[in-house]
Amino acid sequence: MNPLIDAYFRALKFLVVFMISTMVVLILGNVILRYGFNSGIAVSEELSRWAFVWLTYTGAIIAMRENTHLGMDTVVSRLPAAGKRFCYILSHLLMLFCVALFGIGSWEQAAINLHAQASASSLSIGLFFYGAGVFFSLPAAALLLRNLYLALAGRLRDAELISVKESEEELDEHAIAGLRHAMERETTRLAAGGKPHQD
């Protein structure tokens, strides 16, 4: 099952790249055509706006899986393990509630606007605009439910109970522990008369 999930998230990353490329081509192409040739791409603004919406929601799914959303961990990081677990479960329940509301609302809007056509491209507003909310809600809910199961089953380490970080530059605790262990091993080897490694 994991290879399938990994393949799905790789596909999402390719979708992010595709959306960014589409936005660049449409917007830059429109600028060049307008200022250089007194022409333009009629659907440029509309499609680039939709691409940005899909890019935002797709990136949010990827960030949720990789725990790279930013937040405040000042209080939670100082709590004991039981407090961290409680806050983790509570925050995931609240997020699951919000995602459910968002998904239901997106589904209803998509159904209402399914046959409404965009002015420039004549594409379905319900499918290509509000559909992005449904596309986000389903995997986001699945990720939150998986995290809740792991937390309730006690299968998360203390470090994993802090699901957001205040800084993108913070190193993972395992990486720090690995570096510390490597330094201690190298120090011991040098003390025994070995030569330093040349990287």
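Helices (H or I, at least four residues) and strands (E, at least two) are DSSP runs, numbered from the N terminus. By that rule the chain has 5 helices and 0 strands, and the pattern along the sequence is α-α-α-α-α. This is a predicted model, in which local features need pLDDT of at least 70, side-chain atom pairs count only at pLDDT 80 or more, and totals for chains, interfaces and linings use all residues. Residues are numbered from 1 along each chain as its sequence is written, and side-chain values use heavy atoms, with hydrogens and water left out.

**Whole chain**

- Of the 199 residues in the chain, 28% are buried; buried means under 20% relative accessible area, exposed over 50%, and partly exposed in between (1.4 Å probe, protein chains only).
- The chain has an accessible surface of about 13,500 Å², and carbon and sulfur atoms account for 67% of that surface.
- Accessible areas come from the Shrake-Rupley method with a 1.4 Å probe, and for residues only the protein chains shown count as cover.
- Contact means heavy atoms within 4.5 Å. Among contacts between residues at least 6 apart in sequence, 72% join residues at least 24 apart.

**Helix 1**

- Helix 1 has 36 residues and spans 51 Å from its first C-alpha to its last, close to the 52 Å expected at 1.5 Å a residue. The expected span is 1.5 Å times one less than the number of residues.
- The buried residues in helix 1 are Phe 9, Leu 12, Val 16, Met 19, Met 23, Leu 26 and Asn 30.
- Those buried residues pack against helix 2 and helix 4.

**Helix 1 with helix 4**

- The axes of helix 1 and helix 4 come within 14 Å and cross at roughly 145 degrees. Axes here are lines fitted to C-alpha atoms, for helices over the stretch in contact, and angles run from 0 to 180 degrees between N-to-C directions.
- The crossing of helix 1 and helix 4 is left-handed. A crossing is left-handed if the near helix is turned anticlockwise from the far one by less than a right angle, and right-handed if clockwise.
- From helix 1, Tyr 8, Phe 9, Leu 12 and Leu 15 meet Phe 135, Pro 139 and Leu 143 of helix 4.

**Ser 44 in helix 2**

- Ser 44 belongs to helix 2 and is buried, with a relative accessible area of 2%.
- Leaving aside neighbours within four places in sequence, Ser 44 is in contact with Leu 26, Ile 27 and Asn 30.

**Loop residues with positive phi**

- Most residues other than glycine have a negative phi.
- Asn 38, which follows helix 1, has a positive phi near 55 degrees. This residue is in the loop between helix 1 (2-37) and helix 2 (44-66), and it is exposed, with a relative accessible area of 74%.
- Ser 122 is not a glycine either, yet it has a positive phi of about 65 degrees. Ser 122 lies in the loop between helix 3 (81-112) and helix 4 (125-152) and is partly exposed, with a relative accessible area of 41%.

**Cysteines**

- A disulfide is counted as a pair of cysteine sulfur atoms within 2.5 Å, and the count comes to 0 disulfides.
- Cys 87 is partly exposed, at 25% relative accessible area.
- Cys 98 is partly exposed, at 47% relative accessible area.
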